[in-house]
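Please look over the sequence and the model below before reading on. The paragraphs that follow walk through them step by step.

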Amino acid sequence: MEIGYVILYVEDLDVSVRFYRDVVGLAYKFTDAGYAEFDAGGLRFALYERRRAEWLTGRAVTPGAGGEVVVPVDDVDAYAERLRAAGVPVLSGPADRPWGHRTVHVADPDGFVVEFAEEIPRTRGRL
């Protein structure tokens, strides 16, 4: 079993494409019929216009404030400075997390949380 796609339903496709391309730094692949796709390694990461999603799901799709996209980075502090310089409001961090990440969090244009995470030594063991 594997996950092939992660698709976020977004309000304004152009605004979200710019965010994930220019702020997050994902390699943009294409846009077609309300759908935009990025190169995210072995996983397909995509955006789809929320207004078009109802025909897929059979019901209205609500905004996505519940969810998180995690992007690994080599230097979270440098990334946080890059985010601030670009005018992106930082929700939290940079902060060391006991599970072995140093993180900074922002929100995308639809309220999805995007975490940039740098691996650091764990300070808490796993159960």
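A polar contact is a pair of N or O atoms within 3.5 Å, where, within protein, one atom must be able to donate a hydrogen and the other to accept it, and where residues adjacent in sequence count only if both atoms are side-chain atoms. What you see is a predicted model, in which local features need pLDDT of at least 70 and side-chain atom pairs count only at pLDDT 80 or more, while totals for chains, interfaces and linings use all residues. Residues are numbered from 1 along each chain as its sequence is written, and side-chain values use heavy atoms, with hydrogens and water left out.

With that rule in hand, turn to D110, which sits in the loop between strand 7 (101-107) and strand 8 (113-119); helices (H or I, at least four residues) and strands (E, at least two) are DSSP runs, numbered from the N terminus. A polar atom of the D110 side chain lies 2.9 Å from the backbone nitrogen of E11, and the side chain of D110 also joins that of S16 in a polar contact of 3.3 Å. Is D110 buried or exposed? D110 counts as buried because its relative accessibility is 12%, and buried means under 20% relative accessible area, with exposed being over 50% and partly exposed in between (1.4 Å probe, protein chains only).

S16 leads us to helix 1 (residues 13-24), where the buried residues are L13, S16, V17, F19, Y20, V23 and V24. An α-helix has 3.6 residues a turn, so residues three or four places apart point the same way. The N-terminal end of helix 1 is capped by D12, one of whose side-chain oxygens lies 3.1 Å from the backbone nitrogen of D14, and after the helix comes G25, with a positive phi near 95°.

Next, consider the sheet on which this helix rests. Strands of a sheet pair through backbone hydrogen bonds, either parallel or antiparallel. Here four strands form an open sheet of mixed pairing in the order 1-4-3-2, two strands being counted as paired if DSSP finds at least two bridges between them. Strand 1 (5-10) and strand 2 are the edge strands, each pairing on one side only. Helix 1 packs on the sheet and touches strand 1, strand 2, strand 3 and strand 4, contact meaning heavy atoms within 4.5 Å. The direction of helix 1 makes about 150° with that of strand 4, where axes are lines fitted to C-alpha atoms, for helices over the stretch in contact, and angles run from 0 to 180 degrees between N-to-C directions. Within the sheet, strand 3 and strand 4 (residues 43-49) pair in the antiparallel sense over six bridges, and Y35 has Y48 in strand 4 as its bridge partner.

Finally, return to strand 7 and strand 8, which run antiparallel and are joined by seven bridges. They form a hairpin with five residues between them, and G111 in the turn has a positive phi of about 95°. In strand 8, five of the seven residues are buried, and this strand also pairs with strand 5 (residues 68-72) in the parallel sense over five bridges, with V71 standing opposite F116. H105, in strand 7, stands opposite E115 in strand 8, and the side chains of H105 and E115 make a polar contact of 2.8 Å. H105 counts as buried because its relative accessible area is 12%.
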